[in-house]
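The sequence and structure are shown first.

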Amino acid sequence: MVDITPADAVPPAEVAEMELYHPHSWWTKYVFSQDAKVIAIQYSATATAIGLVALVLSWLMRLQLGFPGTFDFITPEAYYQFITMHGMIMVIYLLTALFLGGFGNYLIPLMVGARDMVFPYVNMLSYWIYLLAVLVLVSSFFAPGGPTGAGWTLYPPQAIMTGTPGGQDWGIMLMLISLILFIIGFTMGGLNYVVTVLQGRTRGMTLMRLPLTVWGIFTATVMALLAFPALFVACVMMLFDRALGTSFFMPAIVEMGEQLQHGGGSPILFQHLFWFFGHPEVYIVALPAFGIVSDLISTHARKNIFGYRMMVWAIVGIGALSFVVWAHHMYVSGMHPYFGFFFATTTLIIAVPTAIKVYNWVLTLWRGDIHLTIPMLFALAFIVTFVNGGLTGLFLGNVVVDVPLSDTMFVVAHFHMVMGVAPILVIFGAIYHWYPKVTGRMLNEAMGQFHFWVTFLGAYLIFFPMHYIGLMGVPRRYNELTDMTVMTESAQHLNSFISIMALMVGFAQMVFLFNLIWSIRHGREAGGNPWRATTLEWQTPQTPPAHGNFGKELPIVYRWAYDYSVPGAKEDFIPQNMPGSFGSSRGPA
Amino acid sequence: MSVILVFLLVIVGFAGWWLSHQRLMAKPWLEQGLIGDIIGPEGSTLPTAKIGLGVFLAVVGCLFALFTSAYFMRMALSDWQALPLPRVLWFNTGVLVLSSVALQCAAVAARRGQIDTVRLGLVTAGLTALAFLIGQLVAWRELTADGYLLTANPANSFFYLITGMHGLHILGGLVGLSRTTAGAWDGARPERLRLSVELCAMYWHFLLFVWLAIFALLAGWAATFIEICRQLLT
């Protein structure tokens with residue numbers, strides 16, 4: 001049933017060939033490389049390294065909470081420092097950098113059929129500034145007074161005062177400088193991701209033929225470019241308050257019996273700026289995950305994604321809506337009740353496009369030829385975890401429910417489920433999925449199974465009990481809970497249990513890291529397209545893709561990214577760059 | 001936060017207009033073959049660098065809109081005392097307008113291939129932009145001499161912060177401009193020179209626009225304007 005359309009007679013690509021920079025030495029090829037694939041690996045490795053630091057910090061926190069009084073070196077100050085650095089690293093230096101800098105760099109040029117990013121030099125600078133930001137952040141561990149302990153939200157006035165670790169030492173300064181650097185570096189990378197999607201697409205790759213991964217990363221990058229300036233403004237103004245003595249955020253304060261020189265500033269102003277960045281940040285992390293998981297599910301269920309158009313619209317819609325919900329993080333800041341009502345409404349509305357996406361994933365699975373590969377397991381785990389975390393979000397989005405819960409472990413459990421565990425599961429799934437393309441070898445299956453089950457079940461054993469003790473009233477941000485009336489013996493047992501689970505899940509990540517390194521040498525040979533996928537990155541002439549990605553001629557795209565199990569086609573997948581029209585149930589080309 | 005929301009509304013409007021031209025209603029699962037035949041190469045026919053600069057300027061605009069938002073929110077608190085603007089700012093504004101005009105002339109000349117006019121325009125633009133920066137420093141010095149120090153009042157803090165931020169952006173633009181100018185003498189390819197002159201002009205016009213908005217903000221006219229808008233709405 002194959003009738004070749006005149007599409008075959010198309011002349012070669014009319015897209016202007018970009019002038020590629022060809023490296024001449026080992027240094028420009030592997031270190032100061034302008035190749036997006038190398039930059040992607042640099043981003044990923046750096047993000048993973050700093051993420052390991054955050055993982056260890058979470059162990060230390062859990063040890064203190066689970067077994068209070070056992071570890072002398074975890075003082076209250078140290079505990080706050082661990083909390084702050086864990087949160088900041090995970091949200092910004094790991095998740096944002098890995099999704100956009102790592103996956104964005106690797107996948108965008110390959111998936112849209114470009115030779116490289118449109119501004120490779122700026123792209124390279126982006127990574128090195130990111131690395132600098134990470135180094136400044138790490139240096140605060142060794143600075144006098146240690147890193148800042150202000151909490152990852154860095155609320156003034158406490159963030160820059162004496163009582164807070166690092167407040168009057170170097171900690172907060174280094175944190176703010178590091179964030180400013182990160183934002184500058186990210187803006188450079190972000191320009192590349194956006195403009196490459198706009199301008200770098202190969203012939204035939206219309207916007208509506210883009211894989212959803214690209215749609216997710218693209219929209220998230222646009223959001224990040226508009227949201228990060230808010231953090232930038234907040235950081236610069238706080239830096240002025242701390243270093244030069246201005247009063248943007250600092251009200252009149254008496255500290256240790258002494259009147260500070262600040263006066264009249266508004267801490268709420270900082271909260272507005274911070275959350276104007278902070279809430280879109282949740283979706284900056286979530287949208288790439290949405291996109292990637294759509295592709296994983298479609299590929300491993302051998303079925304086209306259900307409702308592609310609606311998926312695209314939902315991504316764009318969520319991106320736009322996420323800019324008008326920020327104040328739901330500030331219900332307890334004493335704002336006007338009508339203001340809270342407005343933000344509760346917008347918060348609940350955002351559940352609509354999100355639910356559409358969840359339904360579409362489930363309907364894609366419906367009667368699909370589901371292969372329970374490791375990427376698929378992680379994708380399925382993501383769906384349940386995201387729904388779980390999203391449901392508690394509906395609780396917390398309502399002012400009357402949020403006010404009593406907002407200072408409890410319930411909130412910690414909620415946001416870890418929805419923006420910690422869920423995106424991380426997608427990252428794992430994506431690594432198992434694309435590792436064969438990056439290295440040419442498969443990751444070890446047995447270690448993968450172990451990693452998946454321990455991580456998935458372990459994460460639930462950590463965070464389900466945490467919801468429960470949160471509802472009992474156990475507060476967050478306290479390093480020692482033993483004297484509290486809410487902390488009954490059984491609650492303390494649960495707390496210890498959570499800590500042990502956290503250690504075990506952490507151990508599983510070590511197995512994963514070992515797998516990553518071991519498989520480079522010893523993994524099974526993957527071939528060019530082990531998952532029999534349709535998107536362009538699997539159709540490169542070499543695996544791993546060489547400099548310039550596609551050999552002599554750029555691919556021409558003839559179809560969307562989801563032609564799986566097309567009736568009448570020879571194989572159960574049709575690559576995007578294969579000409580001709582297949583199947584009787586479809587319209588003419 | 002109303003200023004930044006209005007700014008985002010403009011961005012959303014633009015994005016919506018652009019998306020509406022991208023066949024978002026297409027049914028890609030029914031379309032096989034090359035749609036490219038109908039709409040030509042994917043992406044815009046504008047030079048990629050221009051689109052890149054456009055996206056960057058949107059980010060810069062966002063940054064200044066956020067500073068403006070913060071300005072208005074802080075202004076509403078009781079300790080705010082507006083500071084008198086130095087007269088030299090009027091002169092600076094004139095110089096920056098001149099700089100923008102010179103670059104526009106250079107861009108027009110580059111399109112016509114008159115290399116001498118291009119060089120003249122580039123150098124004039126560079127010198128006037130430098131003069132603007134010096135003028136801004138003079139304004140800072142006048143203010144500090146009159147006792148309007150950075151920490152004395154939030155109005156002062158914002159004045160130094162926002163003008164400083166704008167000055168840094170001009171400084172960054174000067175780096176690009178000097179590279180373009182060097183290219184105009186080293187005999188860069190005409191089409192390449194034309195593109196970089198146009199990019200400089202675009203950046204300069206935008207920063208001029210930002211400066212005019214900041215000037216209105218710092219002089220207090222923006223607040224009056226918003227007050228009028230608010231009264232019209234209520």
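In this predicted model, 80% of the contacts in chain A between residues at least 6 apart in sequence join residues at least 24 apart. For chain B the corresponding share, again for residues 24 or more positions apart among contacts with a separation of 6 or more, is 79%.

The secondary structure of chain A consists of 15 helices and two strands. Its radius of gyration is 25 Å, which agrees with the value near 25 Å that a compact globule of 589 residues would have. The C-alpha trace of chain A extends over about 85 × 50 × 50 Å along its principal axes. Of the 589 residues in chain A, 56% are buried. An unreviewed UniProt entry assigns residues 21-558 of chain A to the feature "domain: Cytochrome oxidase subunit I profile". This span, residues 21-558 of chain A, is 66% helix and 1% strand, and its end C-alpha atoms are 29 Å apart.

Chain B has eight helices and zero strands, so that its elements run α-α-α-α-α-α-α-α from the N terminus on. Its C-alpha trace spans about 70 × 50 × 25 Å along the principal axes, and buried residues account for 35% of the 234 residues in chain B. From an unreviewed entry, UniProt lists residues 51-73, 120-138, 158-178 and 199-223 of chain B under "transmembrane region".

| Span of chain B | Helix content | Strand content | Distance between end C-alpha atoms |
|---|---|---|---|
| Residues 120-138 | 100% helix | 0% strand | 27 Å |
| Residues 199-223 | 96% helix | 0% strand | 32 Å |

The contact between the two chains involves 41 residues of chain B and 54 residues of chain A. On the side of chain B that touches chain A, the elements giving two or more residues are α1 (2-20), α3 (48-75) and α6 (154-186) of chain B. Helix α3(B) provides the largest share of that side, 13 residues. By class, the side of chain B that touches chain A comprises 26 nonpolar, 11 polar and four charged residues.

Phe67(B) counts as buried because 24 C-beta neighbours lie inside 10 Å, where the cut-off is 20 or more. Not counting residues up to four places away in sequence, Phe67(B) touches Val233(A), Ile162(B) and Met165(B). The C-alpha atom of Phe67(B) is separated by 9.7 Å from that of Ile214(B), although the two residues are 147 residues apart along the chain.

The largest nonpolar core contains 241 residues, and Val233(A), Phe378(A) and Ala106(B) touch the most other members. Helix α3 (residues 76-112) of chain A gives the most to this core, contributing 25 residues. Leaving aside residues up to four places away in sequence, Ala106(B) touches Thr117(B), Val118(B), Gly121(B), Leu122(B), Ala125(B), Val197(B) and Ala201(B).

Notes:
Residues numbered from 1 in each chain as written. Chains lettered and ligands numbered in written order. Predicted model: local features only at pLDDT ≥ 70, side-chain atom pairs only at ≥ 80, totals over all residues. Helix = DSSP H or I, 4+ residues; strand = E, 2+ residues; numbered from the N terminus. Rg over C-alpha atoms; globule rule 2.2 N^0.38 Å. Buried ≥ 20, exposed ≤ 12 C-beta atoms within 10 Å, placed from the backbone. Contact = placed C-beta atoms within 7 Å. UniProt positions renumbered as here; feature names shortened; annotations may be inferred. Core = buried A, V, L, I, M, F, W, Y, C linked by C-beta atoms within 7 Å. Nonpolar A, V, L, I, M, F, W, Y, C, P; charged D, E, K, R; others polar.
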